[in-house]
Amino acid sequence: MVRFIQTSDWQIGMKASGLGEAGFDVREKRIESITNIFEAAKENKADFVLVCGDTFEHNNVGRDDVFRVIAIFNKYPEIPILLLPGNHDALGADCVYNRDIFSRVQNLTLLRTCDPVEVEGTTLHPIPIQSSSRNEVDTDKIPNVIDLDGIHIGVAHGSLKGVLFDDAIDLDYSIDPSCVERSGIDFLSLGHWHSHREYKDDEGIIRIAYSGTHEQTSYTEKLAGYCLLVEIDGKGKTPNITSIKCGQLKWDSIDFEIEDKNSLIELTEKLESTSSVDMLKLTLSGQLPLGSKVEFENLLEYNETQHIDFKPIVDDLEFTVLTNPEEVLDLGDPTLNQADNYLRNLLKAENEPEQRSEIVETLSLLQRLAEEAVT
Ligand SMILES: [Mn+2]
């Protein structure tokens, strides 16, 4: 039998610049969480760790990042590591794996060719990405093993052709799932897609799986932050796949509709219940009276301190003002009241969203000044 850990898409060296300051933490966690993969391998007495491509973000990755990854490999000398180049770390003259240091790591085998590799009694059939510009995965290179003994596992990096998961947007480096049946391999380990995905054959057996990235990269990814424990009892047997959490950062996206100023109480409670979330995207819609704008902004500001990344999206939230002049609040000064009234009438007549938002901003500023003058 074979028992191994499948992982992929560590993309070490990824800038995560879209996340601003939180990018630093994301980069650090990506490296730290590799240790969790090896701990899972140790705990489950895995025969080896199979890394299915995109270990590094690009071939020019910095020396420090490479050293930190190798330092983790060195901590687990008893675990064989089989590593396939993907499209981010493709083979070629500038390939990161051409650096001398990789040849010195005793427990590391780079899957540079399509030649079969024996590991702990199992045969791997790798298809490394030869060049990021070639955009093809030649699954024909997996030989017919139907009449051969032992467990055979294909290793590739790309998108499953004709298979669409809801968050699978990349359809490049296409891989034909029929190669499993054609060749008679027991399992096909894949990298490239960032979410954990399993693909059932006509008999309902899972013989193709993506582990997904070990540490979630963005708000759009689902089921990211896992590695897989794959166990196969013998040739032709049904693979048993267990996903193991190895990512550290907890991501969440919340949609919240504001109906009136009381919604802020509900929103406060909602945000309190998500304090354990590291990366939080909050999409707000609806309407909020202008008088509650300061309280609303203070609430958002506080939540910035509660998360590594807090991303409020307020494009669909409108601040409303009283349109009936009879209901106008007394700002405590005739000139301020006059200015307030003038701006409200201006707002009433304005339809252009950008102009409206500017008038609302000015009204908000005026009301804040009035409040400060009174207190
Ligand atoms: Mn990739």
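In this predicted model, the C-alpha centres of domain 1 and domain 2 are 47 Å apart. The domain assignment places domain 1 at residues 2–245 and domain 2 at residues 251–374. Contact between the two involves five residues of domain 1 and six residues of domain 2. On the domain 1 side, the touching residues comprise three nonpolar, one polar and one charged.

**The open sheet and its helices**

Three strands make up an open sheet, ordered β15-β16-β17, with parallel pairing. The edge positions belong to β15 (251–258) and β17 (309–320); each has a single partner strand, so one side of each lacks a neighbour in the sheet. From one strand to the next, the twist averages 5°. Strand β15 runs parallel to β16 (residues 279–289), and eight bridges join them. Within this pairing, Phe256 has Leu284 of β16 as its bridge partner.

Helix α6 packs on this sheet, where it touches β16 and β17, and its direction makes about 170° with that of β17. Helix α6 (residues 293–304) also packs with helix α5 (residues 263–272), at an angle of about 0° and with the axes 11 Å apart. Helix α5 is therefore roughly parallel to α6; the cut-off for that description is an angle under 35 degrees. The α5 side of the contact consists of Leu264, Leu267, Thr268 and Leu271, which meet Glu295, Phe296, Leu299 and Asn303 of α6. Sorted by class, this helix contact holds five nonpolar, two polar and one charged residues.

**Strand β1 and its partners**

Strand β1 (residues 2–7) has five of its six residues buried, so the rest of the structure largely encloses the strand. Strand β1 is joined to β13 (residues 226–232) by five bridges, and the two run antiparallel. In that pairing, Arg3 is bridged to Glu231 of β13. Strand β1 is also joined to β2 (residues 48–51), here by four bridges and in parallel. Ile5 has Val49 of β2 as its bridge partner.

| Strand pair | Bridges | Direction |
|---|---|---|
| β15 and β16 | eight bridges | parallel |
| β1 and β13 | five bridges | antiparallel |
| β1 and β2 | four bridges | parallel |

**Single residues**

Gly23 lies in helix α1 (residues 22–43). Its count of C-beta neighbours inside 10 Å is 16, so Gly23 is classed as partly exposed. Apart from neighbours within four places in sequence, Gly23 is in contact with Lys15, Ala16 and Ser17. Gly23 and Ile308 are separated by 285 residues in sequence, while their C-alpha atoms are 9.2 Å apart in space.

Glu120 belongs to the loop between β5 (117–119) and β6 (122–126). Glu120 counts as exposed because 11 C-beta neighbours lie inside 10 Å, the limit for an exposed residue being 12 or fewer.

Asn135 also is a residue other than glycine with a positive phi, near 50°. The loop that holds Asn135 runs between β6 and β7 (152–157). With 12 C-beta neighbours inside 10 Å, Asn135 is therefore classed as exposed.

Note on methods: Residues numbered from 1 in each chain as written. Predicted model: local features only at pLDDT ≥ 70, side-chain atom pairs only at ≥ 80, totals over all residues. Domains from an automatic or database assignment. Contact = placed C-beta atoms within 7 Å. Nonpolar A, V, L, I, M, F, W, Y, C, P; charged D, E, K, R; others polar. Axes fitted to C-alpha atoms, helices over the stretch in contact; angles between N-to-C directions. Parallel < 35°, antiparallel > 145°, perpendicular 65-115°, else oblique. Pairing = 2+ DSSP bridges. Buried ≥ 20, exposed ≤ 12 C-beta atoms within 10 Å, placed from the backbone.
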